[in-house]
Amino acid sequence: MAQKMTNDEKLTSGIPENRSHCRQLTEVVRNSKKVHNFAKKYMTAGIYPQIRLVHDYKGEVKFESFSNNSPINKLMEIIDELQRSGYSFGEIAVIFRTKSGVDGNHAEIFKRAFEQKYNVKTGDAEHNYEDVLVVSSVREYSELERPVVIGVNPHVDGNVQLHDPFMLILCTRAICKLILLEKMK
């Protein structure tokens, strides 16, 4: 999967500190149709040109919620379901808004619980091309992709802000399936 940019330079992963050298995306091959259409609502009109999707693979966008203060148990249920559906750990990325999580160190707690349950290692964004479940932050995972991306509690304090650059990055990391897991209100 790939994306076409107006400049053919290869960019490294991560959101650059100095964005003056950023290139403008014009065509998307990476995302399924449903993921692309969902991500479009986070694109600021006028800043992003019309970004064209060059295929019609449908894909899936799914919303899940957890009721207690920790998303760990629900994440395990989602990953179990994905495995039963045929996805391997190497096809899944679990992305938190920040490395420490908005309301706690959920990423590290999840990594330990996952590794203990399945007796396998996890990796961060640097391990994206290995056969491991990736657990990362939105900032670190920018420019990378996986068939399935699970975004954990992506909205700060439950606020859904259109034109949120972090949500745009999170949504566009998913090739086939995007699952947004949020705390139940």
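Biologist: Leaving aside neighbours within four places in sequence, which residues is Asp124 in contact with?
Modeller: The model is predicted. Asp124 lies in the loop between β6 and β7. Setting aside residues within four places in sequence, the contacts of Asp124 are Val134 and Val135.

Biologist: Is Asp124 buried, partly exposed or exposed?
Modeller: Buried means under 20% relative accessible area, and exposed means over 50%. Asp124 has a relative accessible area of 24%. That falls in between, so Asp124 is partly exposed.

Biologist: What separates the C-alpha atoms of Asp124 and Ser137?
Modeller: The two residues are 13 residues apart along the chain. Their C-alpha atoms are separated by 8.5 Å.

Biologist: Asn128 lies in the loop between β6 and β7. Is Asn128 buried or exposed?
Modeller: The relative accessible area of Asn128 is 4%. The cut-off for buried is under 20%. Asn128 is therefore buried.

Biologist: Which residues does Asn128 contact, leaving aside its neighbours within four places in sequence?
Modeller: Asn128 sits in the loop between β6 (122–123) and β7. With neighbours within four places in sequence left aside, its contacts are Val134, Tyr141, Leu144, Glu145 and Arg146.

Biologist: Val132 lies in the loop between β6 and β7. What is the relative accessible area of Val132?
Modeller: Val132 counts as buried, which requires a value under 20%. For Val132 the relative accessible area is 14%.

Biologist: What is the C-alpha separation of Val132 and Glu91?
Modeller: Val132 touches Phe89, Gly90 and Ile92, among others. Glu91 is 41 residues from Val132 along the chain. The C-alpha atoms of Val132 and Glu91 are separated by 8.0 Å.

Biologist: Which residues of the largest nonpolar core touch the most other members?
Modeller: This core has 25 residues. The members that touch the most others are Ile79, Val94, Phe110, Leu133 and Ile150.

Biologist: Which element gives the largest share of this core?
Modeller: Elements giving two or more residues are α2, β5 (92–96), α3, β7 (133–137), β8 (146–152) and β9 (174–183). The largest share is six residues. That share comes from α2.

Biologist: Which residues does Leu133 touch, not counting those up to four places away in sequence?
Modeller: Leu133 is one of the core members that touch the most others. Not counting residues up to four places away, Leu133 touches Ile79, Phe89, Ile92, Val94, Phe110, Phe114, Lys121, Thr122, Gly123 and Arg146.

Biologist: At what angle do the axes of α2 and α3 cross?
Modeller: Helix α2 covers residues 72–84 and helix α3 covers residues 106–118. Their axes come within 10 Å. The axes cross at roughly 50 degrees.

Biologist: Which term describes how α2 and α3 lie to each other?
Modeller: Roughly parallel needs an angle under 35 degrees, and roughly perpendicular runs from 65 to 115. The crossing here is at roughly 50 degrees. The helices α2 and α3 are therefore oblique.

Biologist: Is the crossing of α2 and α3 left-handed or right-handed?
Modeller: From α2, the contact includes Ile72, Leu75, Met76, Ile79, Asp80 and Gln83. From α3, it includes His106, Ile109, Phe110, Ala113, Phe114, Lys117 and Tyr118. By class, the contact has nine nonpolar, two polar and two charged residues. The crossing of α2 and α3 is right-handed.

Biologist: What phi does Asn119 have?
Modeller: Asn119 is found in the loop between α3 and β6. Asn119 is exposed, with a relative accessible area of 70%. Although Asn119 is not a glycine, its phi is positive, at about 55 degrees.

Biologist: What phi does Glu143 have?
Modeller: Glu143 is found in the loop between α4 (138–141) and β8. Glu143 is partly exposed, with a relative accessible area of 34%. Glu143 is not a glycine, yet its phi is positive, at about 80 degrees.

Biologist: What separates the C-alpha atoms of Ser32 and Lys58?
Modeller: Ser32 is found in the loop between β2 (25–28) and α1 (33–40). Ser32 counts as buried, at 0% relative accessibility. Lys58 is 26 residues from Ser32 along the chain. Their C-alpha atoms are separated by 5.4 Å.

Biologist: What percentage of the residues of the protein count as buried?
Modeller: There are five helices and nine strands in the protein. The protein has 185 residues. Of these, the buried part is 46%.

Notes
Residues numbered from 1 in each chain as written. Predicted model: local features only at pLDDT ≥ 70, side-chain atom pairs only at ≥ 80, totals over all residues. Heavy atoms only, no water. Axes fitted to C-alpha atoms, helices over the stretch in contact; angles between N-to-C directions. Helix = DSSP H or I, 4+ residues; strand = E, 2+ residues; numbered from the N terminus. Parallel < 35°, antiparallel > 145°, perpendicular 65-115°, else oblique. Left-handed = near helix turned anticlockwise from the far one by under 90°. Contact = heavy atoms within 4.5 Å. Nonpolar A, V, L, I, M, F, W, Y, C, P; charged D, E, K, R; others polar. Core = buried A, V, L, I, M, F, W, Y, C linked by side-chain atoms within 4.5 Å. Buried < 20%, exposed > 50% of the residue type's maximum accessible area, 1.4 Å probe, protein only.
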